[in-house]
Amino acid sequence: MYTQGLDQQGKEPQGLQPRESAERLTAFQARIDAEEKIEAKDWMPEAYRRTLVRQISQHAHSEIIGMQPEGNWLTRAPTLRRKCILLAKVQDEAGHGLYLYSAAETLGTSRDQMVADLLSGKAKYSSIFNYPTLTWADIGTIGWLVDGAAIMNQIPLCRCSYGPYARAMVRICKEESFHQRQGFDIMLALSRGSAAQKAMAQDALNRWWWPSIMMFGPSDKDSKHSAQSMAWKIKRFSNDELRQKFIDVTVPQADFLGLKVPDDELEFDQETAHYRFGEIDWQEFYDVLAGNGPCNRERMQVRRNAHQGGAWVREAAQAYAEKHAAQAA
Ligand SMILES: [Fe+2]
Ligand SMILES: [Fe+2]
């Protein structure tokens, strides 16, 4: 249970000294600077705890909602092999969600609370999942670009200062790398296929490119949580740095596929050894974030229905656990 204002052991008498004294904050920052991991029972500033709960639960919600656009194609995968791969991927995403809810629970919030916040619309999930999957090529593009962007974001999280989150990310990243590879493999098959298949791959890239590079979040100058998260070593790179890394590795992959990235201003800068790219339409990003993307309402409705439909499973599991606890007593 999370006892607000007291540490986990409840040792500190309230009122005798300010809980977040300058000494404590300095000592905490010194541990972070020394690359020590902060563990669940360690003292931490409330803002650090809140930031992590927000970030980890948002991450967990994204994994769970992210199953929907791909689940849409499970029954229509073109071959048995592709279907098995997609099933495995979607199941991995469910696992990531559960893993991350558990990591967030170590910070003293309950999974029930986090799920309630998602269903009420209070908590966010990644905006990318509010776009529809219109063709099979969208499944390839999601693996290649969306899971690819997720890896870029998540590899540094394996070194996050909060131990339970960092450890959860190690396994998640290994699975994300399989997701990226299977997506690229779909794109490779389509881009080497018939003219219609190649056109389908190009169309999917056209629709997913810009939303994918928006996944790194607002530009550094507009990102309100960035500086503090960097100081706490929750984040290791800024949004813009990660976006640039992603573009730098992904453009050559598009070239290899023989597909054109839909950005006329994209150009390799010999001096900086980075790609320059066009203006991002942040209005679209904020519109989708505000709930007005193509699929926001549908995604939430499906999730609410699934939660309601699964009530009997939770009740049965609870009854089973209580029966066993009673027998053991
Ligand atoms: Fe995932
Ligand atoms: Fe994934």
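A charge sits over a ring if NZ of Lys or CZ of Arg is within 6 Å of the ring centre and within 35 degrees of the ring normal. K245 does this over the face of F237, at 4.5 Å from the ring centre. This is a predicted model: local features need pLDDT of at least 70, side-chain atom pairs count only at pLDDT 80 or more, and totals for chains, interfaces and linings use all residues. Residues are numbered from 1 along each chain as its sequence is written, and side-chain values use heavy atoms, with hydrogens and water left out.

**Charge over ring**
- R76 places its charged end over the ring of W73, 4.0 Å from the ring centre.

**Aromatic pairs**
- Rings of Phe, Tyr and Trp (its six-membered ring) pair if their centres lie within 6.5 Å; planes under 30 degrees apart count as stacked, over 60 as edge-to-face and the rest as tilted.
- The structure holds twelve aromatic pairs.
- One of them, W144 with F184, is edge-to-face, with 6.1 Å centre to centre and 65 degrees between the planes.
- This pair links distant parts of the chain, 40 residues apart: W144 is in helix α6 (residues 136–154) and F184 in helix α7 (residues 163–191).
- W144 counts as buried because its relative accessibility is 1%; buried means under 20% relative accessible area, exposed over 50%, partly exposed in between (1.4 Å probe, protein chains only).
- F184, at 16% relative accessibility, therefore counts as buried.
- W209 and F246 form a stacked pair, 6.3 Å centre to centre with 25 degrees between the planes.
- W209 belongs to helix α8 (residues 195–214) and F246 to helix α10 (residues 239–257), 37 residues apart.
- Both W209 and F246 are buried.
- F28, W43, Y48 and W232 form one aromatic cluster.

**Helix α1**
- Helices are DSSP runs (H or I, at least four residues), numbered from the N terminus.
- The expected span of a helix is 1.5 Å times one less than its number of residues.
- The twelve residues of α1 (residues 22–33) should therefore span 16 Å, and the end C-alpha atoms are 16 Å apart, which agrees.
- Just after α1, E35 has a positive phi of about 65 degrees.

**Second largest pocket**
- A pocket is an open set of points on a 1 Å grid where a 1.4 Å probe fits, with protein on both sides within 12 Å along at least five of seven lines; lining residues have an atom within 4 Å of a point.
- The lining of the second largest pocket has 16 residues, and I64, L98, R111, R303 and H307 lie nearest the centre.
- α3 (67–71), α4 (80–105), α5 (111–120) and α12 (296–309) each give two or more residues to this lining.

Definitions and conventions
Chains are lettered from A and ligands numbered from 1 in the order in which they are written.
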